[in-house]
Amino acid sequence: MKYKKLAKSLKGFNISWKNNGIFPKYKNISGPLVSKKRINRAKKIVKLILKEEEVKIINAFKMLVKKKYDSKKTVNVDIESAIECVNNTVLSKESDDIYGESDGEKIWISEVKMSDEYLVGTILHESLHHICTLDGKDICEKDEHYVMNYLGDDC
């Protein structure tokens, strides 16, 4: 099933999408409190996004490398590790200062009021951290955010 179709079919989820990016169109609403149930529903959508948009994600990282670094560097983008990170997404009751964070293996989502778009977008955003290497070395967070912005995130 396509991720946009799945998002429409989930009862209670109301997500609209940007025309050219992979991230949802963020509405200026707060939404209900994040719960384990909402996270599990959002995870299904994010995993489909990562699978269906894999080529677009890889090309975005390659575009960054071509633009900013030596194009002879070896670029490796590990979509499977992003999917595994999404599978390991949990509700965090410890911080309400940020929506989410990741260490590359696990994602923590804060128990705050968040719209469906922001929940899906936050999990997707966090899953894209730590998945690209250049000649075996991680790229910096600023460059990761550049790629996410290119893919439609308003981070």
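Which side chain meets that of arginine 38 in a salt bridge? It is the side chain of aspartate 116, at 2.9 Å from N to O.

This is a predicted model, in which local features need pLDDT of at least 70 and side-chain atom pairs count only at pLDDT 80 or more, while totals for chains, interfaces and linings use all residues. Residues are numbered from 1 along each chain as its sequence is written, and side-chain values use heavy atoms, leaving out hydrogens and water.

**View 1. Arginine 38 and aspartate 116 form a salt bridge.** Here a side-chain nitrogen of Lys or Arg lies within 4 Å of a carboxyl oxygen of Asp or Glu. Arginine 38 sits in helix α2 and aspartate 116 in helix α5, so the pair ties together parts 78 residues apart in sequence. Helices (H or I, at least four residues) and strands (E, at least two) are DSSP runs, numbered from the N terminus. Both arginine 38 and aspartate 116 are buried; buried means under 20% relative accessible area, exposed over 50%, and partly exposed in between (1.4 Å probe, protein chains only).

**View 2. Glutamate 117 meets lysine 27 in a salt bridge.** The N to O distance is 3.5 Å. Glutamate 117 is buried at 1% relative accessibility, whereas lysine 27 is partly exposed at 30%.

**View 3. Three strands form an open antiparallel sheet.** Their order is β1-β5-β6, where strands pair if DSSP finds at least two bridges between them. β1 (75-77) and β6 (137-138) stand at the edges with a single partner strand each, so one side of each has no neighbour in the sheet. Threonine 133 has aspartate 138 in β6 as its bridge partner.
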